[in-house]
Amino acid sequence: MLLNLLVKPGWVVLENVVQDRIGHAAFGTFAALLNFTLVLASVSDLGLTQHTTKRVAAEPGFLPEYFPTVLPLRGALGVAFLGVMVGGGWLMGYRGHTLLLLAAIGVGLLLTQYAQFLRGAVQAHQHFNTDAWLSVLEKLLLFGLVLALLPIGISLENYVGARTVAAAFTFVLLYVLVTRLFGKLAWRPRRRQAAEMLRGSLPFALITLLYGMNERIDMLMVERLSSAQEAGYYAGAYRWVDAVMMYLWTVLPLFFAKFAHSLGSRDEQKQLLWFGQRVAAVPLLFVCAFVLFRGELLFFQFQNSSFEEVQRMTWCAKLLFLNVLVHAFFAIYSTLLTSTNFERPVSWLVAGSIGLNIGLNFVLLPRYGAVAGALNTLICAVAVSAGYLWLVQYRANIAVPWSLLGRLLAVFAGLCAGWYALQTWAALPWLAESVVAGLMFVALLFAAGVVRVAELRGLLKPRG
């Protein structure tokens, strides 16, 4: 986790440089192709990765018995989905050089997916240190390749090539490592085992497809319905959202396990919800306020962009970070529901959100471009979050902590009002302004009772 948290910010900064060098239109084309392949690659194994990891952890004899079937099955699915990717790209209007780029991106992504599948065996056999290094190896290698390309001139083509090379090298290295750890893995597919594995894996595939489409469809639709240039603006803003959302995707799985463990106790679930609400929301409140008032600072590396282009990305970032704010308040409710056997209604909510998003995109994207894509994402996040609250209150029968939600909202409103006052009357440099706003934020947390002195004393009190 720490390794990924260290690599991610560096990669965001480096990818900003790449987009600035190759141009918004070229990067917008790449982002659209990548997101199209990500949606399909998310289900390219039909849920086999998750299902296999679960079986390997629970059944020590599973690996030697089933892997001779699962390995070629996973490879065949990857090849089939590469064909689906290229065929789907052709149907959407990609031709010639762009279609070749799509194929190269697809090959790299499918190799990455296969490597993650192999990592499941490493995780299930408790080789966590090895798995931690493997999880960042491809990114570190790509980091080095891109840094080497910058002085000689980076283009869309050699950037895609670098990504494919990094994925291929990581895959080969991991395959060799797995054979060293567990012996040679023979390929002897058996039809009965393959059918059994697919039956068990398909539910994972459906959930993965829904969440993958919900996160990735906008970039593709901006490029197809508006322009590659607008997709570049959206990609520049979304990159920061993706980095910040890592906080939630790191924290929420911890609460998933806690909620599942307390399934028989409503009181314990309520306490966890109250605590998790604050853990998920509080850090992101300040980050979202910073972007609302100083969002242009996220794009300091875009030296080759005009003022209007930076402003366009800034507006996208502000709308997308309001989407982050909604997740900060309400993603914990989705975690509670999916951990307590409400996966099906949550999936229907996500599917409805996707339908609403696609409909809004068709109406607004051709005229308003990237800004419309960001706004549509926000509207859908609000709609699906309202659904989460209804399910928690009336289906799960767990009281929503309205008082706490109100206090968190009051803290955010107070922080925004104070920040606006600082910008209007103080005229401080951005760093000093942010420090003052941060101190104001801490004071508001205590004043609203979101954080209490007694709780801090309890945490700091020596144990034993």
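Visitor: How do you know that the length of helix H10 agrees with its number of residues?

Guide: Happy to show you, in this predicted model. Helix H10 takes in residues 266–294, which is 29 residues. At 1.5 Å a residue they should span 42 Å, and the end C-alpha atoms are 42 Å apart, so the two values agree.

Visitor: Where does H10 bend, and which proline follows?

Guide: Look at Ala-281, where H10 bends by about 30°. Pro-283 follows within four residues.

Visitor: Which residues meet where H9 and H10 touch?

Guide: From H9 they include Val-244, Leu-248, Val-251 and Phe-255, and from H10 they include Leu-273, Ala-280, Pro-283 and Leu-284. The residues of this contact divide into 14 nonpolar, two polar and one charged.

Visitor: What makes Leu-248 count as buried?

Guide: Leu-248, found in helix H9, has 0% relative accessibility. Buried means under 20%, so Leu-248 counts as buried.

Visitor: And which residues is Leu-248 in contact with, leaving aside its neighbours within four places in sequence?

Guide: They are Pro-253, Ala-280, Leu-284, His-327, Ala-328 and Ala-331. Take Ala-280: it is 32 residues from Leu-248 in sequence, yet the two are 6.4 Å apart in space, C-alpha to C-alpha.

Note on methods: Residues numbered from 1 in each chain as written. Predicted model: local features only at pLDDT ≥ 70, side-chain atom pairs only at ≥ 80, totals over all residues. Heavy atoms only, no water. Helix = DSSP H or I, 4+ residues; strand = E, 2+ residues; numbered from the N terminus. Expected span 1.5 Å × (residues − 1). Bend = angle between axes of the 7 residues up to and from the residue. Contact = heavy atoms within 4.5 Å. Nonpolar A, V, L, I, M, F, W, Y, C, P; charged D, E, K, R; others polar. Buried < 20%, exposed > 50% of the residue type's maximum accessible area, 1.4 Å probe, protein only.
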